[in-house]
Amino acid sequence: MKQTLDQEYKQAKRKSAKPMLWVSMVSMTMMFAGLTSAYVVSRKRSDWVSFDLPQAFYISTLLIILSSITFILAKYFIKQNNRQFTSAFLLSTLFLGIGFMFFQLQGFKELIYAGLFFAGEQSTVKSSFIYGISIAHLLHVAAGILVLLVVIFNHFNKKYSANETLGMELGAIFWHFVDILWIYLFLFFYFIR
């Protein structure tokens, strides 16, 4: 009887977990759509000042793209029951994600050195938007790193195998979401000056 209940619970969890994640990602997408729409509308202001993106943002973009690739490889190798390569690629994803955050913060330093601040007399409308939107995204990446730490913890506790990958799949979906979101934001900032 207990085994039947456990199986029913696992099936219900499988059916509801991904749709719940997708709903939350749609709401996050709407938030960033609103922020980028406000950015576009604000470009018409007379005090709009255009400037180039910090070089560190280019590096962070490369790192987050690489982190998605390593997560894809981790998922591939767990499905092959290759725990050693799965571990290596999950840890690589973690370090690349931390690297992304580091270079985002370096980008903020570059903006400050250029005299562009988030708020105050030396801020501009554009710099305030770039800080605000980037910080909001950075918080989502921080959440992604926490999710990734849980995935790594569960992996080292042998909760994933070729037949049981739900937690890793959910973590990967969220990680790829924050990756794609940053690529969108980076291209948006790059082309919409």
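The following legends describe close-up views of a predicted model.

Local features are given only where pLDDT is at least 70 and side-chain atom pairs only at pLDDT 80 or more, whereas totals for chains, interfaces and linings use all residues. Residues are numbered from 1 along each chain as its sequence is written, and side-chain values use heavy atoms, with hydrogens and water left out.

**View 1. Overall arrangement of the protein chain.** The protein chain holds five helices and zero strands, where helices (H or I, at least four residues) and strands (E, at least two) are DSSP runs numbered from the N terminus. From the N terminus on, the order of elements is α-α-α-α-α. Along the principal axes, the C-alpha atoms fill a box of roughly 70 × 30 × 25 Å. Of the 193 residues, 41% count as buried; buried means under 20% relative accessible area, exposed over 50%, and partly exposed in between, with a 1.4 Å probe and protein chains only.

**View 2. The aromatic pair of Phe100 and Trp182.** The whole structure contains 22 aromatic pairs; rings of Phe, Tyr and Trp (its six-membered ring) pair if their centres lie within 6.5 Å, and planes under 30 degrees apart count as stacked, over 60 as edge-to-face and the rest as tilted. Phe100 and Trp182 form an edge-to-face pair, with 5.7 Å centre to centre and 75° between the planes. Because Phe100 belongs to helix 3 (residues 83-113) and Trp182 to helix 5 (residues 166-191), the pair ties together parts that are 82 residues apart in sequence. Phe100 is buried at a relative accessible area of 0%, and Trp182 is buried at 0%. Ring pairs link Phe100 and Trp182 into a cluster with Phe57, Tyr58, Phe108, Phe118, Tyr131, Phe186, Tyr190 and Phe191.

**View 3. A ring pair within helix 5.** Tyr184 and Phe188 make a tilted aromatic pair, 5.9 Å centre to centre with 40° between the planes. Both residues lie in helix 5, four residues apart, about one turn of the helix. Tyr184 is partly exposed, at 37% relative accessible area, while Phe188 counts as buried at 10%.

**View 4. Charged side chains over rings.** Lys126 lies over the face of Phe51, at 4.7 Å from the ring centre. The charged end of Arg193 is placed over the ring of Tyr190, 5.1 Å from its centre. A charge sits over a ring if NZ of Lys or CZ of Arg is within 6 Å of the ring centre and within 35 degrees of the ring normal.

View 5. Helix 2 (residues 55-79) has 25 residues and should span 36 Å at 1.5 Å a residue, which agrees with the 38 Å between its end C-alpha atoms; the expected span is 1.5 Å times one less than the number of residues. Just after helix 2, Asn81 takes a positive phi of about 60°. Asn81 is in the loop between helix 2 and helix 3 and is partly exposed, at 47% relative accessibility.

View 6. The axes of helix 4 and helix 5 come within 9 Å and cross at roughly 160°; axes are lines fitted to C-alpha atoms, for helices over the stretch in contact, and angles run from 0 to 180 degrees between N-to-C directions. Helix 4 is therefore roughly antiparallel to helix 5 (angles under 35 degrees count as roughly parallel, over 145 as roughly antiparallel, 65 to 115 as roughly perpendicular and the rest as oblique). Lys158 lies in the loop between helix 4 (125-156) and helix 5. Although not a glycine, Lys158 has a positive phi of about 60°, and Lys158 is exposed at 64% relative accessible area.
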